Each structure stands twice: as structure tokens, then as C-alpha cells.
Amino acid sequence: MTMPYYASAEQVMRDRSEYARKGISRGRSVAVVTYADGVLFIAENPSSTLHKVGEIYDRIGFAAVGRYSEFESLRVAGVRLADVRGYSYNRRDVTGRVIANAYAQTLGAIFTEQMKPYEVELCVAEVGDRPETDQLYRLTFDGSVVDEPDFVVMGGQAEAVTGHLREHFLPGMGLSDALQVGVRALSAVSPVTAGAAHGGPSQLTAAQLEVAVLDRRRPKRAFRRITGSALRTLLGDEPTPDAVDDAPATSAHAPSVPEPGTPAGLGDPANPDTAGGAGFDAHDEDGGEA
Amino acid sequence: MSDQSATRSGFPPAYLDRVGSSFTDFLATAAPDLLPGRRPVPTMPVGDLAPHGTTIVAVTYDGGVLMGGDRRATMGNLISSRDIEKVYPADSYSVIGIAGAAGIAIEMVKLYQVELEHYEKIEGLTMSLDGKANRLAAMIRGNLGAAMQGLAVVPLFAGFDLDAAPGTAPGRIFSYDVTGGNYEERGYAAVGSGSLFAKNSLKKTWRQGLPADDATRTVVESLYDAADDDSATGGPDPVRRLYPIVYRVDAEGAVRLTDAEIAAVADTIVTERADADRRNTERGA
């Protein structure tokens with residue numbers, strides 16, 4: 001007679017945690033940093049269409065690491081919850097806390113009830129009218145939620161990046177300073193810059209980064225992606241003074257719109273956010289660690 | 001998701017199904033009671049009990065498209081509102097104007113705005129202008145039952161086409177009928193009770209490729225002419241400082257023209273008409 005296999009609850013939870021942690025640690029890191037005018041999202045992400053950072057609502061943004069297909073469905077759920085709530089109540093009644101709670105409940109339920117936990121870590125950021133009212137919620141695979149001050153780092157080398165940021169972060173930095181501090185912190189641990197001592201690149205470039213802000217000065221929808229020449233200028237890769245003016249043009253309202261008159265699908269190849277038709281359809285093929 | 005999770009807080013299962021990027025379709029499964037087309041249709045005509053919005057006009061010009069609407073809502077023989085707004089931005093590159101039962105129309109505009117924004121957030125792309133026009137048609141189609149009882153909603157939709165081929169006009173106008181029929185208009189269009197008079201006015205004043213200022217004048221003038229002959233359309237009201245609402249959509253996006261700009265245009269029209277009338281009277285005397 002075979003004995004039924006027994007595993008203690010403690011053992012099961014430990015195994016699941018370890019499984020989720022392992023999945024997350026394979027991915028590259030994302031840093032969410034507060035700055036003078038809002039919240040800055042910086043992700044090391046060579047793909048220009050499989051986003052790790054997204055808009056949830058007027059003042060609320062989302063960043064994630066881990067398995068793309070899993071956090072993408074959570075992102076969509078967050079957008080749906082925000083839009084349903086904003087439509088049936090009022091736009092002002094959609095808060096980051098509501099969204100973060102829903103994520104926490106869902107992740108917690110999946111962690112305890114399902115064989116395989118979600119291998120994701122999320123950050124829900126909400127920008128307020130003043131820097132003191134900005135909120136960063138970090139959510140882990142088991143549904144725990146932490147309200148963090150100043151910055152949140154998630155992903156493979158989170159601890160090293162956090163250490164780097166702790167040294168260099170100052171409250172109330174400008175956008176360019178905050179971006180450079182964040183990028184240096186991510187670069188310090190990235191496999192891309194591992195060969196820096198032997199003459200390789202020492203810092204991540206615009207093409208390897210996905211950057212977006214929640215800018216409190218923008219009316220209504222605060223979320224805006226920073227791509228192309230605006231990003232290169234902020235990084236100091238390409239100090240062309242006229243490109244600074246491009247920055248506000250990369251608006252959240254027209255996230256992927258080619259220049260008027262450009263046929264769909266023929267965006268500027270140098271500017272990853274102008275691609276036309278092809279887009280999110282590819283998400284299933286590349287459902288692994290983003 | 002397991003079935004138990006439906007009873008707990010957090011996301012209900014429908015929220016985590018990755019199907020579709022339409023907000024309306026999602027509401028139909030997650031919260032159908034929020035959709036205007038899903039309610040029982042009144043069994044008798046109720047048209048006279050509900051405020052109705054009236055005239056909306058749209059014209060293309062050399063850099064895009066303009067849409068304007070008067071400020072009156074009527075309920076039977078009463079003026080129920082003098083300052084209702086019937087033209088709204090649908091998203092950053094399109095505008096929507098509504099004629100018909102005001103309550104349902106405004107709810108529909110609100111839903112439509114969320115629909116476009118929702119798609120944009122989920123897909124990371126803005127919908128094509130034709131796609132936007134089609135989504136609106138689907139919404140109107142759902143209202144046919146209520147339309148038969150006097151609660152018709154007839155919108156006018158216009159936008160700047162970011163995918164327009166070089167050399168073609170980027171400003172485009174779409175009109176609708178109560179059954180959800182969707183027709184692209186050439187040059188100009190009008191809906192609502194005063195639309196007959198507004199169109200007659202535009203027929204004389206509008207030309208292809210007008211500059212923005214001249215086109216704004218044709219819009220305000222056509223509304224003036226509509227108010228002249230249609231009791232349900234309001235004219236410019238200098239006493240209360242109420243003027244038509246006009247939106248301009250160009251390559252920069254949709255902006256509402258300020259009251260001061262419209263007031264100046266309306267005052268010019270009124271003065272010119274008064275002068276012309278005086279000259280006619282003098283000539284006759």
C-alpha cells in the first residue's frame with residue numbers, strides 16, 4: 001500500500017515562495033523613483049512594445065517585473081477596475097489604494113489556492129497634488145502590500161539597486177537628475193554593463209530602457225512615456241538643445257501615434273514608441289520572463 | 001481563477017480574462033446594468049418629458065475640422081436649459097456633438113470617452129478614426145428601442161485622421177441615424193432640429209479649404225441662421241454672455257475655442273446682419 005504524500009503547509013508555502021522568487025530574480029530590474037514633479041518609472045526593457053510600465057488611470061501608474069503574461073493580465077484588470085469605478089462613481093473616486101488592494105487580494109488568493117503562484121512583483125504609483133501626497137505601493141507575489149517612501153525597486157538585483165539608490169537618492173530631484181541616478185543604479189547591476197571593466201558599455205542606453213513619468217503638472221492624465229530623442233537628451237546621450245522641446249510632445253494621449261501622414265506600421269525606427277500596427281499581439285509568444 | 005474567488009474581494013474572474021480591449025464589451029459581461037442600451041424600454045412615448053438637445057454643425061477646414069453646437073435644450077414647448085453643452089472632446093483627436101434626448105446622450109458620450117481611453121490604455125495605441133466612428137455606431141444601434149419611444153440620440157462625430165494619406169484632408173466628419181447607420185460626410189454636416197437651416201446656411205458660406213477663422217465664422221453663422229428659424233435652437237445670448245460652443249481639432253489635438261473668441265465672431269455676424277438690414281430699409285424708403 002502506498003502512503004499518501006504529505007507535505008506540511010509550511011513546506012508548501014516555502015516551496016511556492018522559492019519558486020516565485022526564482023522566477024522573479026531571473027528578470028531585469030525596474031525602479032520607480034519619486035522626483036520633484038511626480039513619479040518616474042525606469043525599466044530595463046529592450047522591447048519597445050512589451051511594456052513593463054503602464055497607465056492605469058488619470059493619476060495612477062503601474063510597473064511590474066516577472067512573467068509578462070501574468071503581469072499583463074493584472075495590468076489589464078487594473079485598468080478595467082479603474083475605468084469601471086471612474087465611470088460608475090466619479091474620476092476622483094479612483095485611488096491608488098483601491099487598485100493596490102485589489103491586486104493584493106488577487107495575488108494573495110492565487111498564492112494560497114493555486115498550484116503555481118504568479119511570478120510577478122508590482123508597483124502601483126499614484127501622484128498627488130504635492131510631493132508629500134505621492135504614494136508608492138509595492139506588491140509581492142504572495143499578496144503582501146507595502147507603502148514605500150521615495151522609491152521602489154523590483155526584479156532580479158533589487159537589493160543591489162536599492163543600495164545604490166539609497167546612497168544617491170535625494171528627495172525633490174529634477175527629472176533629469178532622478179533619471180540619471182535611477183539609470184546608474186540599474187546599470188550597476190545589469191548584465192549588459194557586466195563587461196564595463198573590459199571596455200564594454202558602462203551605462204544602459206535609451207534603446208535598452210523603458211521610461212515613463214506621472215507628471216503632477218499635467219492636467220487630467222498624468223502618465224506620459226519618454227522615448228526617442230527626449231529620452232536621449234535627458235540621459236545626456238545626445239545633448240541637442242532643441243530636442244528638449246520634444247519632451248512634452250510624447251503624450252500619454254497619443255502613445256504610439258506616428259507623425260500625421262505616416263502610413264501605419266512605418267514609424268520612426270529610432271523612436272520605439274512610434275511603431276504603427278504591430279503591437280501587443282506578440283505577447284503570448286514571448287510570455288517568458290520579460 | 002477558481003470559482004471561490006468570485007466571492008472574495010480582489011478582481012472578479014471577468015477582470016482577469018484577457019479578451020478584448022473594449023470597455024463597453026467588458027461592461028456587458030461585468031456590469032451590464034451600467035450600459036444605457038440594457039434597460040427596459042419605456043412602453044409609451046416619453047419624448048416630451050425628457051429634455052432634448054438640438055442643433056450641432058461640423059465643417060472641415062484646411063487644417064482639420066470644427067464642430068459647434070448651440071446652447072439650448074427643450075422639453076416640449078419649454079426651454080429646459082439655456083446653457084447646456086452638447087459638444088465634447090471624445091479623445092485628444094476627435095470630438096462628438098449630440099442631438100436628441102439629452103440624458104441618454106450625455107451618458108453615451110461619457111461611456112464613449114471611457115471606451116476610447118480604455119482602448120488606448122490597454123492596447124498602447126490610439127484607435128483609428130474609422131474604428132472610433134464604428135464604435136459609436138454600435139452604441140447608437142443599442143439605443144434603437146428607446147429611440148422608438150421618443151428618446152432618440154443622434155450624434156455627429158468629427159476628428160483629425162492621423163493616418164490620412166498625404167494630400168488628403170485630415171479632418172473628417174461622420175453622421176449617424178437612429179438605427180446606427182454611419183455615414184462619412186463631405187465638407188460639412190449638421191444634425192438636430194435646426195439642421196435643415198444650418199445646412200442651408202453652410203451651403204452658401206462654406207468652401208473647400210477655408211482657413212480656420214473663416215470656417216469658425218461659417219459654423220457660428222449657420223447656428224445663428226438655425227436659431228433664426230428653429231424655435232428649439234438658441235441664438236447667441238449677449239445678455240447672459242452665452243455663446244455657441246465650438247471645438248477645433250487639428251494636428252495639435254482638440255481644443256475648445258474660448259467664449260471671447262466666439263463672442264467676437266457672433267457679434268460681428270449680428271452687426272453685419274443689422275447693417276445689411278438697415279441698408280435694405282433705407283433703400284426701400
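In this predicted model, Val124(A) touches Ile60(A), Phe62(A), Gly96(A), Ile99(A), Ala100(A), Tyr103(A), Tyr137(A) and Leu139(A), with residues up to four places away in sequence left out of the count. Val124(A) also belongs to the largest nonpolar core, a set of 156 residues. Val124(A) is listed there among the residues with the most contacts inside the core, together with Ala31(A), Val32(A), Ile42(A) and Ala58(B).

From its first C-alpha to its last, α2(A) reaches 30 Å, close to the 30 Å expected at 1.5 Å a residue. As a general point, an α-helix has 3.6 residues a turn, so residues three or four places apart point the same way.

The two chains are set side by side below.

| Property | Chain A | Chain B |
|---|---|---|
| Helices and strands | 6 helices and 10 strands | 8 helices and 13 strands |
| Residues counted as buried | 49% of 290 residues | 49% of 285 residues |
| Contacts joining residues at least 24 apart, among those at least 6 apart in sequence | 62% | 68% |

The overall dimensions of chain B can be described in two ways. Along the principal axes, the C-alpha atoms of chain B fill a box of roughly 90 × 50 × 30 Å. The radius of gyration of chain B is 21 Å, which agrees with the value near 19 Å that a compact globule of 285 residues would have.

Lys204(B) is found in helix α6 of chain B, which covers residues 195–205. Lys204(B) counts as exposed because 11 other C-beta atoms lie within 10 Å, and the cut-off for an exposed residue is 12 or fewer. Lys204(B) and Thr218(B) are separated by 14 residues in sequence, and their C-alpha atoms are 9.2 Å apart in space.

Conventions
Residues numbered from 1 in each chain as written. Chains lettered and ligands numbered in written order. Predicted model: local features only at pLDDT ≥ 70, side-chain atom pairs only at ≥ 80, totals over all residues. Core = buried A, V, L, I, M, F, W, Y, C linked by C-beta atoms within 7 Å. Buried ≥ 20, exposed ≤ 12 C-beta atoms within 10 Å, placed from the backbone. Contact = placed C-beta atoms within 7 Å. Helix = DSSP H or I, 4+ residues; strand = E, 2+ residues; numbered from the N terminus. Expected span 1.5 Å × (residues − 1). Rg over C-alpha atoms; globule rule 2.2 N^0.38 Å.
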